[in-house]
Amino acid sequence: TLELHQESAAKLATVAGVRVIPVVPPALPGGGDFPVDFVVASTAEPAELVELGNTLVQKAFASGLFMFADADLKFDQPQAEVVFNRDKVRSQGVDMSRAAADLSTMLGGDYVNRFSIQGRSYKVIPQVKRSERLTPEQLQDIHVTGSGNRLVPLSTFATLEASTQPRELKRFQQLNAVRVQGVVAPGVSLDRALTALEEEARRIMPQGYS
């Protein structure tokens with residue numbers, strides 16, 4: 001098995017533009033996808049954990065003991081936040097709760113009722129056309145209900161703030177967590193790789209991490 005693993009890894013490494021890591025499935029069911037599965041848990045914010053996870057990944061590669069290593073916590077999800085200017089909201093005669101309800105209805109995609117046609121039941125889903133909500137800037141063209149039921153453009157009292165957020169937040173034993181997973185290099189024992197990773201973690205982890 002080791003010889004086949006080494007041979008396939010060498011050939012796959014020559015494929016341009018593709019990063020493929022051969023993994024031998026665990027002998028017993030219920031194991032993880034990777035031989036190395038290292039969890040760091042703390043009360044720290046996810047932004048701090050992702051830095052620690054990336055540092056451990058770099059240390060794993062630098063050790064020469066790993067063919068592959070990666071952290072599962074990633075800040076790569078673009079997010080646009082609608083920020084209301086309260087003074088402008090009042091000047092436009094817009095109620096904050098009504099504006100939030102209008103945005104929720106037009107962007108949420110929730111169904112509000114059902115109707116029947118020829119014995120079939122269909123959902124009623126009020127939502128802005130997909131072509132009109134493809135970019136965050138298009139949100140500023142949305143109108144919400146103001147005083148006297150007149151429609152007020154969102155751009156007159158709100159701005160958009162762009163940021164990058166994690167796709168999902170990881171938890172382990174009720175603590176914020178990041179998992180570092182990896183595949184050891186051929187000829188390297190799993191115990192040696194785990195010991196090296198644990199030693200690096202102890203050196204760089206602040207107090208309060210486990």
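Is Y122 buried, partly exposed or exposed? At a relative accessibility of 37%, Y122 counts as partly exposed. This value, like the others in this report, comes from a predicted model.

## Aromatic rings

A pair of aromatic rings is described by the distance of the centres and the angle of the planes. A search of the whole structure finds two such pairs, and they are set out below.

| Pair | Distance of centres | Angle of planes | Type |
|---|---|---|---|
| F84 and F157 | 5.8 Å | 10 degrees | stacked |
| F115 and Y122 | 5.7 Å | 25 degrees | stacked |

The pair of F84 and F157 joins distant parts of the chain, its members being 73 residues apart. F84 belongs to strand β3 (residues 75-84), while F157 lies in the loop between β7 (151-153) and β8 (158-166). F157 has a relative accessibility of 1% and is therefore buried, since the limit for buried residues is under 20%. F84, with 23%, counts as partly exposed.

In the other pair, F115 is partly exposed, with a relative accessible area of 37%, and Y122 is likewise partly exposed at 37%. A ring also takes part in another kind of arrangement: R114 lies over the face of Y111, at 5.3 Å from the ring centre.

## Nonpolar cores

In soluble globular proteins, nonpolar side chains tend to be buried together. In this model, the largest nonpolar core has 23 residues. Within this core, F38, V40, L56, F66 and L197 touch the most other members. At least two core residues come from each of β1 (36-42), α2 (46-63), β2 (66-71), β10 (175-184) and α5 (190-204). The largest share, six residues, is supplied by α2.

The surroundings of F66 illustrate how parts of the chain meet. When neighbours within four places in sequence are left aside, F66 is in contact with V36, A60, F61, G182, V183, V184, A185 and A193. There is also a second, separate core of twelve residues, which includes A99, V144, L154 and A158.

## Helix α2

The helix α2 has 18 residues and reaches 26 Å from its first C-alpha to its last, close to the 26 Å expected at 1.5 Å a residue.

Which residues of α2 are buried? They are P46, L49, V50, L52, G53, L56, V57 and A60. These residues cover an arc of only 165 degrees around the axis, so they lie on the same side of α2. An α-helix has 3.6 residues a turn, so residues three or four places apart point the same way. On the other side of α2, E51, Q58 and A62 are exposed.

What covers the buried residues of α2? The covering elements include β1, β2, β3, β10 and α5. After the helix comes G64, whose phi is positive, near 80 degrees.

## An exposed loop residue

V112 is found in the loop between α4 (96-108) and β4 (113-117). With a relative accessibility of 57%, V112 counts as exposed, because the limit for this class is over 50%. V112 and I125 are 13 residues apart in sequence, and their C-alpha atoms are 6.2 Å apart in space.

Note on methods: Residues numbered from 1 in each chain as written. Predicted model: local features only at pLDDT ≥ 70, side-chain atom pairs only at ≥ 80, totals over all residues. Heavy atoms only, no water. Phe/Tyr/Trp six-rings, centres within 6.5 Å; stacked < 30°, edge-to-face > 60°. Helix = DSSP H or I, 4+ residues; strand = E, 2+ residues; numbered from the N terminus. Buried < 20%, exposed > 50% of the residue type's maximum accessible area, 1.4 Å probe, protein only. Lys NZ or Arg CZ within 6 Å of the ring centre and 35° of its normal. Core = buried A, V, L, I, M, F, W, Y, C linked by side-chain atoms within 4.5 Å. Contact = heavy atoms within 4.5 Å. Expected span 1.5 Å × (residues − 1). Arc of directions from axis to C-beta.
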